[in-house]
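Have a look at the picture, then read on.

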Amino acid sequence: MRRLKLMSKQTLTKSDIKKVYVRNLFSLQWGWNYEKMQGLGYCYVIMPALKKLYGDKPEEMKVALQTQLGFFNTTPAMSHLIIGADMALEEEFGMEDPSAITGLKTGLMGPFAGVGDTVFIAIYRAIVFSIAAYMAQGGQAIGLLIPILAGFAVMWVRYKFTFLGYNQGRRLAVEFADKMKMLTEAAAILGLTVVGGLIPSVITYKVDLTYKMGKVTLSMQEMLDKILPGLVPLAIVMLSYWLLGKKKMNSNKLIFVLILLGMLLGNMQSILGWIGQLF
């Protein structure tokens, strides 16, 4: 993708940011899919800002849409911080370097998801709904209102997150205006590191093969772990990446390939036993 040297001269107003906030409340999960997860919803959420910044620049708009349609997945409540910072960087630099936007999104979505899942899902739900249930069991009607009030409180926090992300992103853009290349490289490295760290946590396949000779037992998984922990998940990701580079391969076909591969690997012990009986 070629870089565009023209920088956007448009500026976002409070009304523009509010439109993005409202869309984010209800639309981030729209179009969720296994290829891009929240990517399609993210692009729809940030569309008001894109139209304001690139509405009269068709080439920059094309690049912006391609950039925003990339993979994205995080806790919805934390996404406001990322989208806010994203808007600030695009307002300052435009599509001069799309990799900076991609690096920002990729680098922050993983850590923010960990924090968000803990705070807004595990802790929030446990506290709010346990208190509400306890009061409702005691015959107190206010127990019904607690989840509603807590929901409005979360909406207020998400509203503040949107402007916090925007203000901090703008501050980052201003301070690093003369160091854009360094910022881009740092964001790209952070993004690749996060994606690499997600591989063994998302793909948890273990080779269930053992070799027995008398009292000696060798575990294939233990041997692989000594060579490189997470070697099998890494191999599966590299295989997927290689297959997606093929001309007639797409994400839908890859899903079926991975399903078939999972069936074969999951029954490897039985398959080898069956082959051994034949010979």
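A salt bridge, as the term is used here, is a side-chain nitrogen of Lys or Arg within 4 Å of a carboxyl oxygen of Asp or Glu. Keep in mind that this is a predicted model.

## The salt bridges

How many salt bridges turn up in a search of the whole structure? The search finds three. The general idea is simple: side chains of opposite charge can pair when their charged atoms come close.

Let's start with Asp 56 and Lys 57, whose side chains meet in a salt bridge with N to O at 3.3 Å. Lys 57, with a relative accessible area of 18%, is buried, since the cut-off for that is under 20%.

Next up is the bridge between Lys 62 and Glu 59, where the closest N and O atoms are 3.8 Å apart. Both of these residues sit in helix α3, which covers residues 58-68. They are three residues apart, or about one turn of the helix. Glu 59 comes out as partly exposed, at 41% relative accessibility.

As for accessibility, Asp 16 is buried at 9%, whereas Lys 52 is partly exposed, with a relative accessible area of 27%.

## How α1 and α2 meet

Now for the helices that hold that pair. Helix α1 takes in residues 14-27 and helix α2 residues 39-54, and their axes come within 9 Å and cross at roughly 170°. That angle makes α1 roughly antiparallel to α2. On the α1 side, the residues that take part are Asp 16, Lys 19, Val 20, Arg 23, Asn 24 and Ser 27. Across from them, α2 brings in Gly 41, Tyr 44, Val 45, Ile 46, Met 47, Pro 48, Ala 49 and Lys 52. Sorted by type, the residues of this contact are seven nonpolar, three polar and four charged.

In the loop between α1 and α2 you'll find Met 37. Its phi is near 55°, which is a positive value in a residue other than glycine.

## How α4 and α5 meet

Helix α4 (residues 76-93) and helix α5 (residues 98-137) pack with their axes 7 Å apart, at an angle of about 160°. These two are therefore roughly antiparallel to each other, and their crossing is right-handed.

Which residues make this contact? From α4 come Ala 77, Met 78, Leu 81, Ile 82, Ala 85, Asp 86, Leu 89 and Glu 90. The α5 residues include Ile 101, Leu 104, Lys 105, Leu 108 and Met 109, and also Phe 112, Val 115, Gly 116 and Phe 120. By type, the contact divides into 13 nonpolar residues, one polar and three charged.

## A contact across the chain

One last stop is Lys 14, a residue of helix α1. Lys 14 and Phe 163 are 149 residues apart along the chain, yet their C-alpha atoms are separated by 8.9 Å. Setting aside its neighbours within four places in sequence, Lys 14 is in contact with Tyr 159 and Phe 163.

Definitions and conventions
Residues numbered from 1 in each chain as written. Predicted model: local features only at pLDDT ≥ 70, side-chain atom pairs only at ≥ 80, totals over all residues. Heavy atoms only, no water. Axes fitted to C-alpha atoms, helices over the stretch in contact; angles between N-to-C directions. Helix = DSSP H or I, 4+ residues; strand = E, 2+ residues; numbered from the N terminus. Parallel < 35°, antiparallel > 145°, perpendicular 65-115°, else oblique. Contact = heavy atoms within 4.5 Å. Nonpolar A, V, L, I, M, F, W, Y, C, P; charged D, E, K, R; others polar. Left-handed = near helix turned anticlockwise from the far one by under 90°. Buried < 20%, exposed > 50% of the residue type's maximum accessible area, 1.4 Å probe, protein only.
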